[in-house]
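Open the model in your viewer and keep the selection panel at hand. The stops below are meant to be taken in order.

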Amino acid sequence: MGKDDILRKAAILQRDQETYAIMADLGGGVMDTPTARRIADAADKFGAKKLKITGAQRLALLGVKEQDIDAAYEVMGVKFQQCSPLCTQYIKVCPGNTFCPRGQRDTLSFASRVRERFHPFPKISAKIKIGIAGCYNSCVEPAIKDIGLIGLPKGWTLMAGGAGGKDPMFAQIIAANLEDDKTLELVERILKYYRASASRHMSRNHRLGVIMRAEGKGPLMRACGLE
Ligand code: SF4
């Protein structure tokens, strides 16, 4: 199996330089019990040493041999998803009002719409992390994501430009009280602005918050049609 093929299958070489972690992308970390059983079956059958819930809410099987990658995905019955190296692109979502008593909006359904429409985010090589929370508790840290959403009774609050890591930044509020369709439209506009910024800054790797710091918030607001 070629290196590109392995990456396309969301398989990441482990420190032993022999085995791989393969990822079941469950969409928000939620799964039914048959799926959980199939994943456990795959782990047992192909000698995965451990299962790991990743920071991107994927379930990783650790220690799968290269020749078993395809068969392990088949037993799991979950689609492998094109995984950016070291998971630089993801959508992280809390349970929202489907499960959480504090939830103000249906985060899981909305995250599915975002995922179906935009993910993987094409032509953006910089990190792009989206956090979708169902209330101000912000359990998935939307304020330190490139795009953050908080669900409130009157609609979504949309933020942009957050990041963790070596240059932490808080996201800035772009708009509030947004209905679902308008929020999707603005997410699309933000992604386009992010993509186009690579040529303006001669770099494909600046985080959105770094670009907003250099350009100010105005250009992004105009790109969103909000100014
Ligand atoms: S952010 Fe709010 S709705 Fe989401 S899990 Fe946390 S407390 Fe629950």
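Two residues are in contact when heavy atoms of theirs lie within 4.5 Å. The model is a predicted one.

**Stop 1: helix 7**

Select residues 208–215, which form helix 7, and pick out its buried members: Leu-208, Gly-209, Ile-211 and Met-212. Viewed down the helix axis, these buried residues fall within an arc of 160°, so they line one face of helix 7. Now show the elements that this buried set packs against: strand 8, strand 9 (172–178), helix 6 and helix 8 (218–223). Turn to the face directed away from the buried side, where Arg-213 and Ala-214 are exposed. Just past the end of helix 7, select Gly-216, which has a positive phi of about 80°.

**Stop 2: helix 3**

Move to residues 69–76, helix 3, where Ile-69, Ala-72, Tyr-73 and Met-76 are buried. Down the axis of helix 3 the buried residues fall within an arc of 100°, so they too line one face of the helix. The packing partners of these residues are strand 1, strand 2, helix 2 (33–45) and strand 4. Gly-77 follows helix 3, with a positive phi near 70°.

**Stop 3: two loop glutamines**

Select Gln-17, in the loop between strand 1 (11–13) and strand 2 (19–25). Its phi is positive, near 60°, although the residue is not glycine. Is Gln-17 buried or exposed? Its relative accessibility is 57%, and with the cut-off for exposed at over 50%, Gln-17 counts as exposed.

Next select Gln-57, located in the loop between strand 3 (50–53) and strand 4 (58–65). Gln-57 is also a residue other than glycine with a positive phi, in this case near 65°. At 14% relative accessibility, Gln-57 counts as buried, because the term covers values under 20%.

**Stop 4: helix 5**

Select residues 107–118, the 12 residues of helix 5. At 1.5 Å a residue helix 5 should span 16 Å, and its end C-alpha atoms are 16 Å apart, which agrees. Colour its buried residues: Thr-107, Leu-108, Phe-110, Ala-111, Val-114, Arg-115 and Phe-118. Seen along the axis of helix 5, they fall within an arc of 160°, so they line one face. Against which elements do the buried residues of helix 5 pack? They pack against strand 5 (89–93), helix 4 (96–99), strand 6 (128–133), strand 7 (147–152), strand 8 (155–160) and helix 6 (180–200).

At the N-terminal end of helix 5, show the side chain of Asp-106, which caps that end. A side-chain oxygen of Asp-106 lies 3.4 Å from the backbone nitrogen of Leu-108.

**Stop 5: Gly-96**

From there go to Gly-96 in helix 4. Gly-96 is buried, with a relative accessible area of 0%. Neighbours within four places in sequence aside, Gly-96 contacts Gly-103, Arg-105, Thr-107 and Gly-134.

**Stop 6: the ligand**

Finally, select the ligand and show the residues that surround it: Cys-94, Pro-95, Cys-100, Arg-102, Gly-103, Gly-134, Cys-135, Asn-137, Ser-138 and Cys-139. Sorted by class, this shell has 5 nonpolar, 4 polar and 1 charged residues. Gly-103 and Gly-134, which belong to the shell, are also among the contacts of Gly-96.

Key
Residues numbered from 1 in each chain as written. Heavy atoms only, no water. Near = heavy atom within 4 Å. Nonpolar A, V, L, I, M, F, W, Y, C, P; charged D, E, K, R; others polar. Helix = DSSP H or I, 4+ residues; strand = E, 2+ residues; numbered from the N terminus. Expected span 1.5 Å × (residues − 1). Buried < 20%, exposed > 50% of the residue type's maximum accessible area, 1.4 Å probe, protein only. Arc of directions from axis to C-beta. Polar contact = N/O pair within 3.5 Å; in protein donor to acceptor, adjacent residues only side chain to side chain.
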